[in-house]
Amino acid sequence: MGNGNSTETKESRRSKMRQKLQNLRSRRRLRRPGSGSVSGLASQRSVSAEDFAGIALLTLIGAEMKFKDKWLACVSFGEQTFRTETSDSTDKPIWNSEKKLLLEKNGPTLARISVFETNRLLKNNIIGYCELDLLEFVVQEPDSTCKSFDLLDPASSNVVGSMFISCSVEDPVETETRFAKRILSIVDYNEDGHLSFSEFSDLMNAFGNLVAANKKEELFKAADLNGDGVVTIDELAALLAVQQEQEPIINSCPVCGEALQLSDKLNAMIHMTLCFDEGTGNQTMTGGFLTDRQASYGWMFKLSEWSHLSTYDVGLNTGSSASHIVVIDRKTKRLVEELIDSKIVMSMRAIYQSKIGLHLMDQGAKEILQNLSEKQGKKMNSVESAQNIPSFLEFFKDQINMAEVKYPLDHFKTFNEFFIRELKPGARPIACMDRDDVAVSAADCRLIAFQSVDDSTRFWIKGRKFSIKGLLGKDVHSDAFLDGSLVIFRLAPQDYHRFHSPVSGVIEKFVDVPGSLYTVNPIAVNSKYCNVFTENKRTVVIISTAEFGKVAFVAIGATMVGSITFVRQEGDHVKKGDELGYFSFGGSTVICVFEKDSMKIDEDLLANSGRSLETLITVGMQLGVSFPKLENCVLEP
């Protein structure tokens, strides 16, 4: 029993307690591989009492797969990703891995669980995934019973296995009580579930709080109902939970040492609960990753962790120092890694992020890129190019869904036919179709948006000499757009490459602007040595609208994009969501410029852009709404 009669001295007990806390901190640091910015993203933001929905305990129990292998599973939730240990070689892996996740009513609720086979030397291969709305699940299954979910092939949506999951949400009062029990267990030296006053006193003194030190006798006596000098951990935990609510006695987190705002009791409780669970090792799922792909990487990534050479970053505030571009999925609010061949990344850095590279551009590399794009365009229109489609799909396996494509794979006779593929009717719903005052996304893309052009150059476009006049060219009267809103839709090679009208109106005119064919990758966009938007080949389309005034729609060519094809003509009336044209092979960009004070962009898009973080978005999703109707706008035929 914890009666204080142990031969251990008071000092040795305190030493033992300090050692326990030190072990917790050490384990916590070890469980945070890679980028140290991940935890900061989640912990720096306070949660309001109105938005707090609880703390979910998600448990990945196991899976049933169609073949034997060594398996691991990853959970991506908001801007955090966690992973299990690797299973033995089996077709029925068992993990029993759990993690506590903060739920907010206006925050992410959708968790994506991905299963990877691990028989690859350098990287692991995603086999299937499922998605789970945690709030919805716990409402339907309040008893946290095990439930089976189909694992879907990310490329075809075919069922490739089953995943067994349980999830429950703690009541906030229950969370506080459980946290207090875990804290008290630190000084239960003989782990018998009972505490003497001496043990309890050690903990109060460790908090370094005068209130705690002065109240320790009072608190202990209140819990010791029978007066025998020994109380259970449950009794003290219940008492401390009430005390912390009335008058906080913990100034800093016992695990990480971070100072807590005593006036913000809710966030202090949330921080310590999640931090303590991670530190104790009770939660066997490893955290600290940005994306499931990062979490799944094999020994090569672990080597980079040990060498402190993390290649990931969130946002590109100072150019592209990271070799992996991470964007945020608007629908799920989770981070997603964009796939780029590492050799291409190195080449782009050499060209666009150095004065030497710029000098090469000035000495004829522009012509080389033009010739390369033309040759590659012809190659991708050949019958032989169709042989490249399967390998392209394999590389982007979890980012191209063939179930959405209008025609089967054997319909495409060349690679370019596949590249400009159409989607099935209804695959891209158009937001608020009956309201022309709502603008929508023009493309499947990585989007970045700014309420003013000044914001764009402050947060994102670092290139020299960028201006709206330079973007639109000398043949477009640009005064109305000079301090307007700017929306950049960047298409990656794996994206659906047809672009659509973001607004309803009349096409006033097309203006072709000659130029180079630089890449539109953020590595180039954030280069201070050139500006791809004002130097690349592009076509400017002016759309006159009743709700937004004139809208400049700029289709920008890029490396490997030999042509920009429009399917509309001057004078055509278009509804928002109507197809305007398509890009041939490669990645490219559309920029929309709205007149000043004509458009209010959605807050989530602006917030992400303020972090220099692109938002993954699809055709038809809402961009924003018009300000009060412009009275002087006249639709031109």
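Cys-74 is buried, with a relative accessible area of 0%, where buried means under 20% relative accessible area, exposed over 50% and partly exposed in between (1.4 Å probe, protein chains only). Cys-167 is likewise buried, at a relative accessible area of 0%. A disulfide is defined as a pair of cysteine sulfur atoms within 2.5 Å, and by this rule the count comes to zero.

The structure is a predicted model, in which local features need pLDDT of at least 70 and side-chain atom pairs count only at pLDDT 80 or more, while totals for chains, interfaces and linings use all residues. Residues are numbered from 1 along each chain as its sequence is written, and side-chain values use heavy atoms, with hydrogens and water left out. The pLDDT is the predictor's confidence in each residue, from 0 to 100. The protein chain averages a pLDDT of 77, and 70% of the residues score at least 70. Over residues 299-312 the pLDDT stays under 50, and the model has 25 contacts beyond four places in sequence for this stretch, a contact meaning heavy atoms within 4.5 Å. Residues 630-637 also have a pLDDT below 50, with 18 contacts in the model beyond near neighbours in sequence. Where pLDDT is low, the predicted coordinates should not be read in detail.

The protein chain contains 19 helices and 27 strands; helices (H or I, at least four residues) and strands (E, at least two) are DSSP runs, numbered from the N terminus. Of the 637 residues of the chain, 54% count as buried. Among the contacts in the chain with a separation of 6 or more, 73% come from residues 24 or more positions apart.

A nonpolar core is a set of buried Ala, Val, Leu, Ile, Met, Phe, Trp, Tyr and Cys residues joined through side-chain atoms within 4.5 Å. The largest such core has 30 residues, of which Leu-447, Val-487, Phe-489, Phe-499, Phe-553, Phe-594 and Leu-623 touch the most other members. Elements that give two or more residues to this core include strand 15 (445-450), strand 16 (485-491), strand 20 (550-556) and strand 24 (588-594). Apart from residues up to four places away in sequence, Leu-447 touches Val-487, Ile-488, Phe-489, Leu-605, Leu-613, Glu-614, Thr-615, Ile-617 and Leu-623. Another core, of 29 residues, lies apart from it and includes Ala-73, Trp-95, Leu-101 and Ile-165.

In an unreviewed UniProt entry, the feature "active site" is placed at Asp-444, His-500 and Ser-588. UniProt positions are given in the numbering used here, feature names are shortened, and annotations may be inferred rather than shown by experiment. Although these residues are spread over 145 residues of sequence, they cluster in space, with a largest C-alpha distance of 14.1 Å.

His-500 is found in strand 17 (residues 498-500) and counts as buried because its relative accessibility is 9%. Leaving aside neighbours within four places in sequence, His-500 is in contact with Ala-442, Phe-553, Gly-577, Asp-578, Glu-579, Leu-580 and Val-619. The side chains of His-500 and Tyr-496 are joined by a polar contact of 2.9 Å. Such a contact is a pair of N or O atoms within 3.5 Å; within protein, one must be able to donate a hydrogen and the other to accept it, and residues adjacent in sequence count only if both atoms are side-chain atoms.

Ser-588 lies in strand 24 and is buried, at 0% relative accessibility. His-497, found in the loop between strand 16 and strand 17, is also buried at 0% relative accessibility. The side chain of His-497 reaches the backbone oxygen of Asp-495 at 2.8 Å.
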